[in-house]
Amino acid sequence: MAKAPVDFYFDFASPYGYIASTRIDEIAERHGRTVAWRPILLGAVFKTTGMGPLPSVPLKGDYSIRDFARSARLYGVPFKMPAVFPFSSVNPSRVVYWLQARDTDLARRFAQATYRAVFPGQQDISKPDTLADIAAPLGVKR
């Protein structure tokens, strides 16, 4: 019997989500599972819980920024904090869901390329033109 996929919930604006995205497929494969990539919007979660992005939380902010870089080094993941943070991840999340309706592997590859465009690429993934530039080498037409 086939095992259920691992649901990987992530937000493109999450440095920890980026780091996890570089490892989740390999971890799932080791356990005979596939991964269902599921973008979410942490902004909505923060609004519901009364929290905010870690860097904006008193006492946690400076530590979290150091921990993002430290965690990336631990896993050998290239990392650079975006100049603008937090940023909107609505548009890339919409693209992933649109692609998933057509090709789940293509959606996964787009998500990975989008994360690389932000951390460490420093690109503004809230802009549709940036997303089109990320998707083009994957064969996605405008």
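**Exercise 1.** Which residues lie nearest the centre of the second largest pocket, and how many residues line it?

*Solution.* Before starting, note that this is a predicted model, where local features need pLDDT of at least 70, side-chain atom pairs count only at pLDDT 80 or more, and totals for chains, interfaces and linings use all residues. Residues are numbered from 1 along each chain as its sequence is written, and side-chain values use heavy atoms, with hydrogens and water left out.

Step 1: On a 1 Å grid over the protein atoms alone, a pocket is an open set of points with protein on both sides within 12 Å along at least five of seven lines, where a 1.4 Å probe fits; lining residues have an atom within 4 Å of a point.

Step 2: list the lining. There are 15 residues, with V95, P128, L131, A132 and A135 nearest the centre. The elements giving two or more residues are α5 and α7, and α7 supplies the largest share, 6 residues. Helices here are DSSP runs (H or I, at least four residues), numbered from the N terminus.

Step 3: The lining splits into 9 nonpolar, 1 polar and 5 charged residues. For this count, Ala, Val, Leu, Ile, Met, Phe, Trp, Tyr, Cys and Pro are nonpolar, Asp, Glu, Lys and Arg are charged, and the others, Gly among them, are polar.

**Exercise 2.** Check the span of helix α6, then work out what covers its buried residues.

*Solution.* The expected span is 1.5 Å times one less than the number of residues.

Step 1: look at the start of the helix. A side-chain oxygen of D103 comes within 3.0 Å of the backbone nitrogen of D105.

Step 2: find the buried side. Buried means under 20% relative accessible area, exposed over 50%, and partly exposed in between (1.4 Å probe, protein chains only). Among the buried residues of α6 are L106, F110, Q112, T114 and Y115. Their cover includes α1 (15–21), α2 (24–30), α5 (90–100) and α7 (128–135).

Step 3: zoom in on one. T114, in helix α6, counts as buried because its relative accessibility is 0%. Beyond four places in sequence, T114 is in contact (heavy atoms within 4.5 Å) with F12, P92, I125, L131 and I134.

**Exercise 3.** Is S21 buried or exposed, and what about R142?

*Solution.* Step 1: take S21, in helix α1. With a relative accessible area of 4%, S21 is buried. Leaving out neighbours within four places, S21 contacts F8, W37, Q112 and Y115.

Step 1: take R142, in the segment after α7. R142 has 74% relative accessibility and so counts as exposed. R142 still touches D129, A132 and D133, not counting residues up to four places away.

**Exercise 4.** Where is the cis peptide bond that involves F119, and what is the phi of Q122?

*Solution.* Step 1: the cis bond joins F119 to P120, with omega about 20 degrees. P120 sits in the loop between α6 and α7.

Step 1: Q122 lies in the loop between α6 and α7. Its phi is near 65 degrees, a positive value in a residue other than glycine. At 30% relative accessibility, Q122 counts as partly exposed.

Definitions and conventions: A polar contact is a pair of N or O atoms within 3.5 Å; within protein, one must be able to donate a hydrogen and the other to accept it, and residues adjacent in sequence count only if both atoms are side-chain atoms.
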